[in-house]
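Here is a short briefing to read alongside the model. Keep the 3D view open and follow the topics one by one.

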Amino acid sequence: MTALIQTYAVSKAYETFVALSDVSLKVESGELVSIVGPNGAGKTTLVNVLTGLLHPTSGRVEFKGHDIAGIGPVRLSKLGMARAFQLVHIFPALTVAETIATAVVSQTEKSLSLFASLSGDAAIRDRVREVASIFGLEGKLESEARLLSQGEKKLLDIASAFALVPEVILLDEPTSGVSTGDKHGIMRTLVDAAKKAGVKAIILIEHDMDLVAEYSSRIVALQEGRVLADLPPKEFFADADIVAAIVGKKPQGI
Ligand SMILES: Nc1ncnc2c1ncn2[C@@H]1O[C@H](COP(=O)(O)OP(=O)(O)O)[C@@H](O)[C@H]1O
Ligand SMILES: [Mg+2]
């Protein structure tokens with residue numbers, strides 16, 4: 001069966017600096033793959049290549065068998081991959097309902113001019129309500145995004161990606177800037193939402209090793225642009241050398 005995502009010997013250089021070297025990996029249906037590694041290891045570059053935002057310098061990146069090098073977010077979301085950004089897409093003056101509606105409207109390929117008459121469009125309103133309720137935001141539909149807590153902003157960002165009905169979702173540190181106590185709640189909510197929404201795979205960049213240990217089916221560790229390890233969590237955390245290279249210490253309770 002064709003993998004959802006597959007890279008073949010992907011390298012990416014920024015002028016003379018090689019940020020990714022020879023990265024080959026595969027993501028199959030049912031997986032939650034975490035990408036870990038110290039700052040500068042190439043995680044964001046890899047996600048930018050996987051989402052067709054950056055052309056690899058060499059190698060190939062495929063989504064469902066399609067070459068997606070540099071295709072950009074709009075065509076990628078039509079193929080079925082969505083990415084949640086680190087709050088970049090949240091416009092502070094839009095309400096929660098308007099933010100989710102923007103994604104719903106783009107998915108349904110209705111013209112943005114319809115946005116003005118959204119309140120008249122019951123189907124869109126129902127869908128917005130449905131997405132909001134999956135993320136526990138149904139009580140906040142009329143709140144402006146800027147008034148949400150940091151955790152709610154994260155959920156709104158992820159909800160907007162889910163509204164695109166993706167098969168694969170990429171999350172670059174979905175819990176950054178959120179208190180430790182709220183991180184698990186956000187992860188739980190988004191993993192449950194993914195199941196409900198029929199998302200087939202999640203790719204997660206995450207620094208919190210407790211979350212990585214708990215939620216990943218596989219961990220890809222990058223070091224200086226190379227794949228140092230590609231292992232299930234048990235084996236990953238059992239290898240003290242790998243763990244030390246990535247985080248310097250073992251997480252609690254593993
Ligand atoms: N646009 C760019 N131009 C030049 N160097 C870059 C650029 N983006 C990232 N880099 C460098 O590539 C390396 C990997 O960066 P990045 O992918 O952001 O790593 P990570 O997300 O793991 O911290 C870093 O050394 C970074 O300084
Ligand atoms: Mg990064």
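Predicted model: local features only at pLDDT ≥ 70, side-chain atom pairs only at ≥ 80, totals over all residues.

**Around ligand 1**
- The shell around ligand 1 is made up of Tyr14, Phe17, Ala19, Gly37, Asn39, Gly40, Ala41, Gly42, Lys43, Thr44 and Thr45.
- Two or more of these residues come from each of β2 (17-27) and α1 (43-50).
- The biggest share belongs to α1, which supplies three residues.

- Strands of a sheet pair through backbone hydrogen bonds, either parallel or antiparallel.
- Here, an open sheet of four strands runs in the order β2-β1-β4-β5, and the pairing is antiparallel.
- At the edges sit β2 and β5 (66-67), each pairing on one side only.
- Helix α1 packs on this sheet and touches β1, β2 and β4, with its direction at about 60° to that of β2.
- Five bridges link β1 (residues 5-14) with β4 (residues 58-63) in the antiparallel sense.
- Within that pair, Tyr8 stands opposite Arg60 in β4.

**Strand β6 and its partner**
- In a regular strand the side chains alternate between the two faces of the sheet.
- Strand β6 (residues 81-84) is covered on both faces: Met81 and Arg83 are buried on one side, and Ala82 and Ala84 are buried on the other.
- Strand β7 (residues 168-172) runs parallel to β6, joined by four bridges.
- Ala82 faces Ile169 in β7 across this pairing.

Note on methods:
Residues numbered from 1 in each chain as written. Chains lettered and ligands numbered in written order. Near = placed C-beta within 6 Å. Pairing = 2+ DSSP bridges. Contact = placed C-beta atoms within 7 Å. Axes fitted to C-alpha atoms, helices over the stretch in contact; angles between N-to-C directions. Buried ≥ 20, exposed ≤ 12 C-beta atoms within 10 Å, placed from the backbone.
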